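Please read them with the coordinates open beside the text.

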Amino acid sequence: MVSSRETKAQVASTSPSSRPRGRPRSFDRETALEKAIMAFWERGYEATSVSDLTRVMDIGAPSLYAAFGDKRTLFEEAVSVYDTRYAAFADRALAEEPTARAAVERTLREAARAYTAPDRPQGCLIAHAATNCTNPEVAQSLRNRRNAMISAFESRIRADITAGELPSGTDARALARHTGAVVHGMSQQARDGASREELEAVAEIAMAIWPRT
């Protein structure tokens with residue numbers, strides 16, 4: 001015979017309030033972030049809506065906000081990861097090559113490869129993501145990154161002038177700006193359909209005017 005106390009316990013154990021609540025849908029954060037990178041890379045910041053992001057990342061808006069913050073915060077993280085995962089070739093060239101000329105030549109060659117890779121959007125996210133962007137903070141952040149690359153080349157060029165690797169009359173700022181213009185121009189050409197071989201030819205011409213001692 002079941003006591004009234006046992007009966008109440010059984011009812012309580014099967015009542016809706018005592019059942020485990022459904023857990024929020026789980027997802028792999030790194031996979032979702034990679035998909036966000038690709039979306040921003042392909043469309044840019046302004047043209048990528050939150051609904052676009054939730055669709056490509058395969059998560060709900062509450063999960064997006066909980067894991068990444070708002071759209072701008074997600075974009076900043078996406079750019080940071082992009083910079084180290086896909087765009088670090090210039091930093092590596094500057095760190096590993098013996099001269100500014102060798103570093104620039106390697107950077108342009110690797111840009112031709114990276115900007116035309118068939119398994120990802122063409123060109124450079126940092127060069128194009130702020131196109132038609134109405135958010136001044138986002139635009140300035142990407143501008144700062146682009147200018148930082150030019151400054152890094154300028155610093156290396158000045159060091160080579162001091163070391164006698166480049167003529168003393170070399171305009172370091174202009175030469176660094178030229179390098180940045182070629183890199184970003186190659187990015188745009190890649191988005192317009194230029195092949196790796198065509199961009200490598202551009203790089204070869206750019207290096208032909210590099211000053212020599």
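1. Contact here means heavy atoms within 4.5 Å, and the model under discussion is a predicted one. With that cut-off, and leaving aside its neighbours within four places in sequence, Glu-154 is in contact with Ala-172, Arg-173 and Ala-176. Glu-154 belongs to helix α9, and with a relative accessibility of 12% this residue counts as buried, the cut-off for that class being under 20% relative accessible area.

2. Helix α9, which spans residues 136-163, also takes part in a helix pair with α5, residues 71-85, and the axes of the two come within 11 Å and cross at roughly 15°. Since angles under 35 degrees are classed as roughly parallel, α5 and α9 are therefore roughly parallel to each other. As for the hand of the crossing, α5 passes α9 in a right-handed sense.

3. Which residues of α5 and α9 meet? From α5 come Arg-72, Phe-75, Val-79, Ser-80 and Asp-83, and from α9 come Glu-137, Val-138, Leu-142 and Arg-145. The residues of this contact of α5 with α9 divide into four nonpolar, one polar and four charged.

4. Helix α3, residues 50-57, has Asp-52, Leu-53, Thr-54 and Met-57 as its buried residues. The partners against which the buried residues of α3 pack are α2 (29-43), α4 (61-68) and α5. Just after α3 comes Asp-58, for which the model gives a positive phi of about 60°, and a colleague checking backbone geometry may wish to look at this residue.

5. The structure holds seven aromatic pairs. In one of them, Trp-41 and Tyr-86, the ring centres are 5.2 Å apart and the planes stand at 55°, so the pair is tilted. This pair links distant parts of the chain, as Trp-41 is in helix α2 while Tyr-86 is in the loop between α5 and α6 (89-96), 45 residues apart. Trp-41 is buried, with a relative accessible area of 2%, and Tyr-86 is buried as well, with a relative accessible area of 15%.

6. How are the rings of Phe-89 and Tyr-115 arranged? Their centres lie 6.1 Å apart and their planes are at 70°, so the pair is edge-to-face. Phe-89 lies in helix α6 and Tyr-115 in the loop between α7 (100-114) and α8 (125-128), so the pair ties together parts that are 26 residues apart in sequence. Both Phe-89 and Tyr-115 are buried. Elsewhere, Phe-40, Tyr-45 and Phe-75 form one aromatic cluster, and Phe-75 is also among the α5 residues that meet α9.

7. Thr-107 has its place in helix α7. Is this residue, Thr-107, buried or exposed? At 1% relative accessibility, Thr-107 counts as buried. Thr-107 and Leu-94 are 8.4 Å apart in space, C-alpha to C-alpha, and 13 residues apart in sequence.

Terms used
Residues are numbered from 1 along each chain as its sequence is written. This is a predicted model: local features need pLDDT of at least 70, side-chain atom pairs count only at pLDDT 80 or more; totals for chains, interfaces and linings use all residues. Side-chain values use heavy atoms; hydrogens and water are left out. Axes are lines fitted to C-alpha atoms, for helices over the stretch in contact, and angles run from 0 to 180 degrees between N-to-C directions. Helices (H or I, at least four residues) and strands (E, at least two) are DSSP runs, numbered from the N terminus. Angles under 35 degrees count as roughly parallel, over 145 as roughly antiparallel, 65 to 115 as roughly perpendicular and the rest as oblique. A crossing is left-handed if the near helix is turned anticlockwise from the far one by less than a right angle, and right-handed if clockwise. Ala, Val, Leu, Ile, Met, Phe, Trp, Tyr, Cys and Pro count as nonpolar, Asp, Glu, Lys and Arg as charged, and the others, Gly among them, as polar. Buried means under 20% relative accessible area, exposed over 50%, partly exposed in between (1.4 Å probe, protein chains only). Rings of Phe, Tyr and Trp (its six-membered ring) pair if their centres lie within 6.5 Å; planes under 30 degrees apart count as stacked, over 60 as edge-to-face and the rest as tilted.
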